[in-house]
Amino acid sequence: MSHDHEPDHTHEHPAPAPVTPDDAGSQALAEALHSSFAIVKVVMVLMVLAFFSSGFFTVGPQEKAVILRFGRPVGEGEKVLLNSGWHWSYPYPIDEVVKIPITEIQKVNSTVGWYATTAEQELSGEELPSGPSLNPAVDGYAITADRNIIHTRATLYYHIEDPIHFVFNFVSASNTVQNALNNALFYTAAHFNVDDVLTRDVAGFRDAVLQRVSDLTEQDQLGIVIDQCEVQSIPPRQLQDVFTRVTTARENRNKILNDARSYENQVLSQAGAQASSITNAAAADRARFVESITAEAKRFGDLLPKYESNPGLFAQMTLVQAMGPILTNAQDKIFLPERADGKPRELRLMLNREPPQPKSAPANP
Amino acid sequence: MKRNAMTVVIGAVLIVIFALLLFVFQVRQSEVAVVTTFGKPTAQPYDKPGAYFKWPWPIQKVYKFDQRVQNFEDRFSENLTGDSNPLLVMVYVGWKITDARAFFPKFAGGSTLAAQNMLESMLRSAKSAVVGKHPLADFVNADAKQLKFDAIEIEIEQAVQSQLQTNNCGIGIAFLGIKKLGLPENVTQTVFQRMTSERQILISRFQYEGEAEAQKIKSAADRQAAETIANADAAATRIRGEGEAEAARVLPVFEQNPELANFLLRISALQQSLNQRATLIFDERTPPFDLFQHLPTNAPSR
């Protein structure tokens, strides 16, 4: 249509040149109408162009898009999802573009099991003082299997695997994920004992929460994949002291036990060493004894023929031979010659406990 | 004329667009539409996405509903368990419109708010009925077999589901779970007292257990050490005995001449006994000093 009017438009510029002065007023009016009509036409063309070019859209690197044509997704199966880049669709109301975040990690927090606090309070460390009791309207907490109260909270990281499901089947899928996480915390706490949650089996508790969340999200067909789950649990702040003392007592016990074990090791290894030295000494004794008696026997065998040939002489010789070293070894040797008159000498000994000094046992002549 | 044909085309296009607006409506993916003719729902609801034909207002009117799962959480309300413990329970529900034709007339203009109000009252009664049937041990229990958490959720869901069915609301429950459990405020205080005393028991148990255990370990070690040494002593005695037995085999050699054996023994005994710090006193009759006997001495011959 605009093509049709183009000649008019070009014809219009030179219009003022051939002035027909029959009716100046109507002439001016016609001119004004012509020019405004031209402006309207240009605007219309621009609007039509804008209308069609508004169908261009970009899909970012971390999202996918779905085109709904008359409300129905365009394409079949995997092709429904448009990847990142430039795309074109018919403008509304024919097509509608729905963008879905997909590769980016989504995150939900569960704080229904935590006391009332805010991120700022937590950062600054200035939390509301804890009262003697917990108000269920304000403070969240979980009940453990042994009916203790603990605070527990979790953060779940996941990404969307099936965007069609996630967007078109749920009004607020992330809220559903959050509630699944809430449920998992309470469910898991309900069959863990307080010490398991807080100290003994922290990892087990987290794994059980994760298991429950993935069961629930799978059951609800949320179309998500869970990446990671972080769980934090603390005893009630009101009982912080007494819980700390339990920890200290447990550590003390472990220290005492470790000390006892090292004592045990020490005592046992010492005993082992002593035992082996005893048996070794015995073995050495035995060897020496046997050795010496065998040597003795051998000597006896050697001496026997000599003895038998002349017992008296042999005895004499052996005795004298033996006396040699004996006299050499003896510290004091005192010789008492016979009295000239042949009477026996009288000898007095003073026995002393002290080591005898030379000449401390004088012989009284 | 050229201009006339153009005008006709434009006019026709405009009329078609206007007619489409009047006679066609869209149903989006995830939506369901109910068409009323003079205020009465007609035919099947349109639950597949696409464009559909309708008569223009005031003959037919289109109501669209969200067919997706909607979330709803009820109030954190107090109920008595089967064993008369007060317990606060909050549940979350995922519900959706399953039958738009039934849903539409039930709630004024198909308002989801009205539907949720009804859902809340149904949940309240279902919750108190189900919680009242179970003792507290079914809610919290270390034994996985006795814990009936799942069963309780299913029971509440079934109760609500059956109420929805009898009322023919056109609503279905997609899932239902417990969001939160709690105790009344004054009960938490007694729980704290109990927890404190339990902790104290633990503290003293750790102390005494540790000491007793350490004592046990130490005394066991001492006993074992003593045993080891006693065993070693016994072994030593045995070893020495073996040595003596071995020596006994040599004894017959000495029996060839006991006299000589005796003599030799005495000599070696003599040698050993006089080995150290001995003082010997002799007279002339003891060999070898008897050699002095007939020597001229310098003794004064008194």
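**Helix packing between chains**

Helix α9 (residues 311–329) of chain A and helix α7 (residues 258–273) of chain B have axes that come within 10 Å and cross at roughly 15°. α9(A) is therefore roughly parallel to α7(B), a label for angles under 35 degrees. Axes are lines fitted to C-alpha atoms, for helices over the stretch in contact, with angles from 0 to 180 degrees between N-to-C directions. Helices (H or I, at least four residues) and strands (E, at least two) are DSSP runs, numbered from the N terminus.

In α9(A), A:Ala315, A:Thr318, A:Leu319, A:Ala322, A:Pro325 and A:Ile326 meet B:Phe263, B:Ile267, B:Leu270 and B:Gln271 of α7(B); contact requires C-beta atoms, placed from the backbone, within 7 Å.

**Basis of the model**

The model is predicted: local features need pLDDT of at least 70 and side-chain atom pairs pLDDT 80 or more, while totals for chains, interfaces and linings use all residues. Residues are numbered from 1 along each chain as its sequence is written, with chains lettered from A and ligands numbered from 1 in the order in which they are written.

**Chain A and its sheet**

Chain A contains 9 helices and 10 strands. Among its contacts between residues at least 6 apart in sequence, 75% join residues at least 24 apart.

Strand β2 (residues 63–69) of chain A is joined to β5(A) by 7 bridges, and A:Val66 stands opposite A:Val98 in β5(A).

Technical notes
Angles under 35 degrees count as roughly parallel, over 145 as roughly antiparallel, 65 to 115 as roughly perpendicular and the rest as oblique. Two residues are in contact if their C-beta atoms, placed from the backbone, lie within 7 Å. Two strands pair if DSSP finds at least two bridges between them.
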